[in-house]
Amino acid sequence: MNEINLTDVLEEYALAAPHGFDQKVLKEMIEKYAQFAEELKDFAAASAVVKFAPETEMSEVDESRYREIGLQNLQMVLSEMNPSAPEIQVQNALVSLTDAAKEKGMNRSKFAAALGLSVSLVQYLEKRRLEFATIPKAVIEKISGVLETSEDVINSYLNQSPVGAEGASFKASERPEELKPKNFADAVREDQQLSATDKQKLLEL
Amino acid sequence: MTKARDADSTRIKSLTKKTRQGETYIRRADAELQIEKILTLEKQQILEMLGSNKWRDEADYLLDETLVYLSREARINGDDEIFNEIYEELNRRIWKLLLKFRRNFGANQTDFEDFGQKTEMAILRKLLNTDSDAADFAQVQFGSFVISEAKGVNKQNLIAVSRDQKLFETAREDDETGDEKLENISLTNELSAESKMIFSEGIKKLSPDQQMVAAMLLDGFQIESKDENEMTISRHLGVSSRTIRNWVKEMRALLTEYKEETNR
């Protein structure tokens, strides 16, 4: 028995209506695959948007972020396809702290809570916007423990250019202020989410 | 389905996937011609083309479908240099497509990135599997291929009106009568060739909700229909037809202004 999956049904609609929305084809497809009626309608509408809506301009920071996610996705899929390839798994380890946390089932909030940090401090770490030398060793140990990876791997992730800076083509004099790394203690003091007690604990590390 | 490797690397390989009706998938003629042309080039020339950053409407712009073909050939031939160059560009194009649905995730960038990541991984699982024909559709209609994978990972509608807009408009427009609802039936027919041209040229001037409606109108959707089984813009968005008509009026006004500006 042929199993029908959603993507095959959507492909069938797209192939039957190659020039755009086709009410007749859609109705026939919905009659045939009633279980996918809503998906077919939304696919038809989304196809119109893909075809006619203007492309969104991407900032340098976005380009860099999506490039990074894309590389990580590539490495993860290659690892799935060839689990014995050690070099891929090693590279895979730290393309992103929050993605590594996600693999452990933690979203940003849960990851921050596990580290005893705020979400915005996690964001600073993720984007490498903190001066590496000012990050307390105890924080690095904690990240290493939560992500179950070595401190060396965490150190080498954090001790790189801020995310968004590498590969950007702007001149040094034009570098946006937001890309300058911040002192860890200053970031803690300015944090809007941490309580005074939590801040004090972090500042004493 | 396993594909035999072609001994002649300059000959384009046919697609092998078949529709449920038994017809083999075929590429568009422009993609087929472009692939054939590229297969005659030296590696260095291909790398130069990949690095040229041409715009979509420029000559020699590498079609998405061509990139998919070349990436799979690079994988088969173990050419990491070409594969990495192509992947960087394909990745950028995938995210540009997905960004058209960014508004559905509101201020939550993380949710959008999760959606993008799952979609891209589903795409890659097919693209990288060179022993399978699962990615043949990506060489036929790449945009539709990406959306079909996005639909596979995202159960919610990709096309929806922003929540605030919907609440506001529903409160204002719920008193529409049956007759009023049907007034618009002829509206899409009113979209003359000139109006369509103005809509497609000026669409970037519109708000995201308006862009969505304009895109659907341009693709041939009706605002409303007497036939309850027909898909319409009003039904899919869950917004009254009067609201849509109001948006269309606003769009027309904006686009007339835009047209006047560009004519000056």
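This report walks through the cores, cavities and confidence of a predicted model.

## Reading the model

Residues are numbered from 1 along each chain as its sequence is written, with chains lettered from A and ligands numbered from 1 in the order in which they are written. Because the model is predicted, local features need pLDDT of at least 70 and side-chain atom pairs count only at pLDDT 80 or more, while totals for chains, interfaces and linings use all residues; side-chain values use heavy atoms, leaving out hydrogens and water.

## Nonpolar cores

A nonpolar core is a set of buried Ala, Val, Leu, Ile, Met, Phe, Trp, Tyr and Cys residues joined through side-chain atoms within 4.5 Å. Buried means under 20% relative accessible area (1.4 Å probe, protein chains only), exposed over 50%, and partly exposed in between. In soluble globular proteins, nonpolar side chains tend to be buried together.

Here the largest core has 99 residues, and A:Y13 and B:F142 are among those with the most contacts inside it. A contact means heavy atoms within 4.5 Å.

## Two cavities

A cavity is a set of points on a 1 Å grid over the protein atoms alone, where a 1.4 Å probe fits but cannot get out; lining residues have an atom within 4 Å of a point. Points are joined across faces, edges and corners, and a volume is the space filled by probe spheres set on them. The structure holds two cavities of 30 Å³ or more.

The largest has a volume of about 90 Å³, and its lining includes B:M49, B:D60 and B:R92. Helix 4 (80-98) of chain B is one of the helices that supply at least two lining residues, and gives the most, with three. Helices are DSSP runs (H or I, at least four residues), numbered from the N terminus. The second largest cavity holds about 40 Å³ of space, with B:F83, B:Y87 and B:L90 among its lining residues.

## Confidence

pLDDT is the predictor's confidence in each residue, from 0 to 100. Chain B averages 83, and 84% of the residues score at least 70. In chain B, pLDDT stays under 50 over residues 170-175 and over residues 181-189. Where pLDDT is low, the predicted coordinates should not be read in detail. The complex gets an ipTM of 0.86 and a pTM of 0.70 from the predictor.

Methods: 1 Å grid on protein atoms, 1.4 Å probe; cavity = no way out; pocket = protein on both sides within 12 Å on 5 of 7 lines; lining within 4 Å.
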